[in-house]
Amino acid sequence: MSAAHKLSSASMHPATEHIDALGYHVFENGVNVDDAAGLLAAIRQTRVFDASLFLSQAEFDANPQYTGVNPRPGRNLLDSFDDYLGFVEKDPAIVDGLTAVLGEGYELLNRKIVCGVPASAVPAWLKRRITDNPVNNLGAYVRPPYRDVTYFYGIDFHQDIIDFKDRDADFVTLYVYLHDVTKHDAPLFLLEDSHSLGATLFPHDLTRRSGGWTYSDRRGSSLPTKQKMLTGPAGYAAMWHACTLHGTQPDAADNERLSLRYLFAKAPGATDAGIDAVNANLRGPARLTTTRTDLDATGAAQVKGNSVNKV
Ligand SMILES: O=C(O)CCC(=O)C(=O)O
Ligand SMILES: [Fe+2]
């Protein structure tokens, strides 16, 4: 932890310390690997993760819909495995870490399956259309019954608060890998300490430097940030602050990457949450009224360009 950061002794849990100092925390033992493999097999039973996921160009162009294309209550494949999810949601180390950071009574805000779509599964017409878009969430192009999972073909560096204008960064993202993720499986890239400038507008101001990036908040502060690649075995679990910059490159492997993505928030009124101590150390705001400028009024990309693909 840098000398500039101060946490009260009540906040001295490794998960809180790591999120304060670096913006993320890796759970040393992950979650049960056999349970992760079992869930992965069950997910793979539901569909083939290939080009059959997608609308044809003519079908898409007849009526382009860019919003309402993500999992939602009633159309969320992960919810159908509710009975099975104790291996994550009740794992003692996960519960302990979340309780330290978010306080007793923390809440599940959102959970879903994320698929990193392999290059081989993306139709050529679609690849041409989306190359270098900053956010390649493919939901708009996916056949409606399959929109119970979120599909990415890379996403530029962003903060997960991007989806929560007018909300404080009082939540964390928990990611769980269901199979081994190497550098070839579209691993998450995190920018260390990037949370410390608080919430900033997407697309972010990042300039490449050796081993990482210079990150500016466009408010007069900037910092050098190291890039951390999250690779690990099945059951690997990590969580990060809502202002921690992270992204993925398009999946160059032959196989899809299937992961679990959870958002957990502090309970209203919790007084014992480490996140409050972390946020007191931020050098910028913990919330924004506008979080992104890359979309037009229909939700289509109106900005091209992408940093994470230049890593
Ligand atoms: O899984 C990915 O490819 C990136 C996803 C991500 O950053 C997110 O879901 O917020
Ligand atoms: Fe994210």
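Predicted model: local features only at pLDDT ≥ 70, side-chain atom pairs only at ≥ 80, totals over all residues.

Biologist: What makes strand 2 and strand 12 a pair?

Modeller: Two strands pair if there are at least two bridges between them. Strand 2 (residues 107-116) and strand 12 (residues 257-265) are joined by 9 bridges, so they count as a pair. These strands run antiparallel.

Biologist: How do you know that strand 2 also pairs with strand 4?

Modeller: The same rule is applied. Between strand 2 and strand 4 (residues 150-158) there are 3 bridges, and the requirement is at least two, so these strands pair as well. Their direction is parallel.

Biologist: Why is Thr 248 called buried?

Modeller: Buried means under 20% relative accessible area. Thr 248 has a relative accessible area of 5%, and therefore it is buried. Thr 248 is found in strand 11 (residues 246-248). Apart from neighbours within four places in sequence, its contacts include Gly 154, Ile 155, Pro 187 and Val 308.

Biologist: Which residues touch the most other members of the largest nonpolar core?

Modeller: They are Leu 138, Leu 174 and Leu 260, in a core of 52 residues. Leaving aside neighbours within four places in sequence, Leu 174 is in contact with several residues, among them Phe 27, Val 88, Ile 94, Met 239, Leu 260 and Phe 264. Another core, of 13 residues, lies apart from the largest one; Ile 155, Val 181, Leu 190 and Trp 240 are among its members.

Biologist: Which residues of helix 5 are buried, and what do they pack against?

Modeller: In helix 5 (residues 92-102), the buried residues are Ile 94, Gly 97, Leu 98, Thr 99, Ala 100, Val 101 and Leu 102. The elements they pack against include helix 1 (14-22), strand 5 (171-177), strand 10 (237-241) and helix 7 (274-280).

Biologist: Why is the pair of Arg 44 and Glu 256 called a salt bridge?

Modeller: The rule asks for a side-chain nitrogen of Lys or Arg within 4 Å of a carboxyl oxygen of Asp or Glu. The closest N and O atoms of Arg 44 and Glu 256 are 2.9 Å apart, so the pair qualifies. It links distant parts of the chain, 212 residues apart: Arg 44 is in helix 2 (residues 33-45), and Glu 256 is in the loop between strand 11 and strand 12.

Biologist: Are these two partners buried or partly exposed?

Modeller: Glu 256 has 9% relative accessibility, which is why it counts as buried. Arg 44, at 35%, is partly exposed.

Biologist: What does the salt bridge between Arg 143 and Glu 59 tie together?

Modeller: The closest N and O atoms of Arg 143 and Glu 59 are 3.1 Å apart. Arg 143 lies in the loop between strand 3 (135-137) and strand 4, whereas Glu 59 is in helix 3 (residues 57-62), so the pair ties together parts that are 84 residues apart in sequence. Arg 143 counts as partly exposed at 28% relative accessibility, and Glu 59 likewise at 39%.

Biologist: How many salt bridges are counted in total?

Modeller: The count comes to 13. Asp 79, Asp 82, Glu 89 and Arg 111 are linked in a network of salt bridges.

Conventions
Residues numbered from 1 in each chain as written. Chains lettered and ligands numbered in written order. Heavy atoms only, no water. Helix = DSSP H or I, 4+ residues; strand = E, 2+ residues; numbered from the N terminus. Buried < 20%, exposed > 50% of the residue type's maximum accessible area, 1.4 Å probe, protein only. Contact = heavy atoms within 4.5 Å. Core = buried A, V, L, I, M, F, W, Y, C linked by side-chain atoms within 4.5 Å.
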